[in-house]
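I'll walk through a few spots, and we'll go slowly.

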Amino acid sequence: MPRPTVHRTPFGSAQGAPTDLWTLDSGTGVSAGILTYGASLHRLTVPDTAGATTSVVRSLSTLDDYTAEHPYFGAVVGRYANRIAHGRFVLDGTEHHIPANDRGHALHGGPDGFHTKVWEAAPDRTDDSVSVRLTLHSPDGDMGFPGALDATVTYTLDTAGTLAVDYVSVTDRPTVVNLTNHAYFDLAGHDDVLGHHLEVDADAYLPVDDDGIPLGPPAEVRGTPFDLTAPRVLGERLATEDPQLRAAGGYDHCWVLRDAGGGLRRAARLTAPDAARVLEVWTTEPGIQVYTANQLDGSFTDGTGRRHERHGSVCLETQHLPDSPNRPDLPSTVLRPGETARSRTELRFPHLGDQPIALRRGGLL
């Protein structure tokens with residue numbers, strides 16, 4: 001069996017620092033491209049059941065596209081993923097203010113969050129996996145967050161075709177932290193993902209107000225278009241007349257996963273319309289934000305000139321729950337000195353079967 005490989009390609013420079021594209025190749029048909037800018041998942045190439053390959057994540061063409069304002073394509077977002085109401089929270093009696101960048105609230109760590117940083121990278125390889133470890137130092141007061149935070153994100157691709165993302169954070173002062181990857185998935189390469197089937201392993205979700213801030217406690221999904229406990233066609237669900245869907249223009253909600261005890265378990269399963277590709281998301285996180293690219297309008301394109309349109313992709317963001325720093329009833333996101341925040345998310349492709357599809361130039365081996 002071919003051995004996995006990892007290699008680096010220059011990808012321009014930002015903020016006076018060089019940026020690179022690290023390519024992880026499983027040797028068995030799956031490869032991932034990771035940018036040091038924003039620790040972004042730039043490409044995730046996966047064969048279908050017939051051996052045809054394509055990237056299943058939406059991306060941008062150049063570094064200039066990534067450094068311009070964009071809706072977080074593939075980036076690691078933080079220090080706090082999702083929303084903090086009014087950009088304010090109180091920790092140990094002190095109020096902290098994060099710049100508001102979304103309808104008066106702080107989204108994904110503020111306008112200069114982790115998605116705008118150049119991360120340091122170091123590769124590694126074993127007999128059955130390759131990885132790149134990305135590190136970032138966020139100083140005390142960065143975007144208003146207290147404490148200096150050292151964050152590490154490690155992407156690991158194994159010969160089974162699983163891409164694992166491990167997040168580790170430590171701090172020198174009490175702070176809050178909530179990291180996720182903001183990849184936009186499209187398993188089929190169609191104009192939209194409305195024909196995809198989505199299943200989410202959750203019996204409750206967080207209803208939100210018109211600004212995307214949770215209204216109250218989790219609500220049962222039963223009897224609502226948020227019931228994805230069995231595979232549902234996205235387009236059929238999004239066409240349902242529901243105030244929550246109408247206000248957001250689709251899904252932009254966090255589901256509360258079952259068995260939120262910190263162990264790795266399945267969170268979601270996404271299936272292409274012809275079932276030729278299947279993605280399973282496994283995580284240790286308590287929630288998953290499903291976002292159906294409701295605000296995309298064709299303003300962004302990839303390297304082929306293909307436009308990223310509304311409902312053309314879907315984000316499956318494993319994370320803690322939105323506005324948790326202001327919600328003591330939700331799982332805590334507080335990190336204190338001497339503690340380590342850890343989480344793991346795995347992207348698995350069960351359609352590849354027990355024996356991964358092996359490819360070479362020109363077709364199947």
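So, which element gives the largest share of the lining of the largest pocket? That's α3, with four residues. Before I go on, this is a predicted model, so local features need pLDDT of at least 70 and side-chain atom pairs count only at pLDDT 80 or more, while totals for chains, interfaces and linings use all residues. Residues are numbered from 1 along each chain as its sequence is written, and side-chain values use heavy atoms, with hydrogens and water left out.

Back to that pocket. Its lining has 38 residues, and Pro71, Tyr72, Asn101, Asp102 and Leu107 lie nearest the centre. The space inside is about 810 Å³. Besides α3 (243-248), α1 and β25 each supply at least two lining residues. Those labels come from DSSP runs, numbered from the N terminus: helices are H or I with at least four residues, strands are E with at least two. And how do we find pockets and cavities? On a 1 Å grid over the protein atoms alone, a cavity is a set of points where a 1.4 Å probe fits but cannot get out; a pocket is an open set with protein on both sides within 12 Å along at least five of seven lines; lining residues have an atom within 4 Å of a point. Grid points are joined across faces, edges and corners, and the volume is the space filled by probe spheres set on the points.

There is one cavity of 30 Å³ or more, and the largest cavity comes out at about 100 Å³. Its lining includes Leu41, Val165, Tyr167, Phe185 and Leu347. β14, β16 (180-181), β26 and β28 each give at least two residues to that lining.

Five of its five residues are buried, so the rest of the structure largely encloses β25. Buried means under 20% relative accessible area, exposed means over 50%, and partly exposed is in between, with a 1.4 Å probe and protein chains only. In a regular strand, side chains alternate between the two faces of the sheet. Here, Gly287, Gln289 and Tyr291 point one way from β25, and Ile288 and Val290 the other way. What are the neighbours of β25? β22 (residues 252-257) runs antiparallel to β25 with five bridges, and β26 is also joined to β25 by five bridges, again antiparallel. Two strands count as paired if DSSP finds at least two bridges between them. As examples, valine 256 has glycine 287 as its bridge partner, and glutamine 289 has glutamate 317.

Is threonine 292 buried or exposed? Buried, because its relative accessibility is 1%. Its side chain makes a polar contact of 2.6 Å with the side chain of asparagine 294. A polar contact is a pair of N or O atoms within 3.5 Å; within protein, one must be able to donate a hydrogen and the other to accept it, and residues adjacent in sequence count only if both atoms are side-chain atoms. Leaving aside residues up to four places away in sequence, threonine 292 touches several others, including Leu234, Tyr251 and His311; contact there means heavy atoms within 4.5 Å.

Next, charges. How many salt bridges does the structure hold? There are 20, where a salt bridge is a side-chain nitrogen of Lys or Arg within 4 Å of a carboxyl oxygen of Asp or Glu. In one of them, arginine 58 meets aspartate 186, with the closest N and O atoms 3.2 Å apart. Both sit in loops, so the pair ties together parts that are 128 residues apart in sequence. Arginine 58 is buried at 4%, and aspartate 186 is buried at 2%. Compare arginine 246 and glutamate 241, whose closest N and O atoms are 2.3 Å apart: arginine 246 is exposed at 56%, and glutamate 241 is exposed at 64%.

Last stop, the open sheet. It has nine strands, in the order β11-β12-β13-β14-β28-β24-β23-β18-β21, with antiparallel pairing. β11 (120-125) and β21 (232-233) stand at the edges with a single partner strand each, so one side of each has no neighbour in the sheet. Further in, β14 and β28 are joined by seven bridges, and leucine 163 has leucine 347 as its bridge partner.
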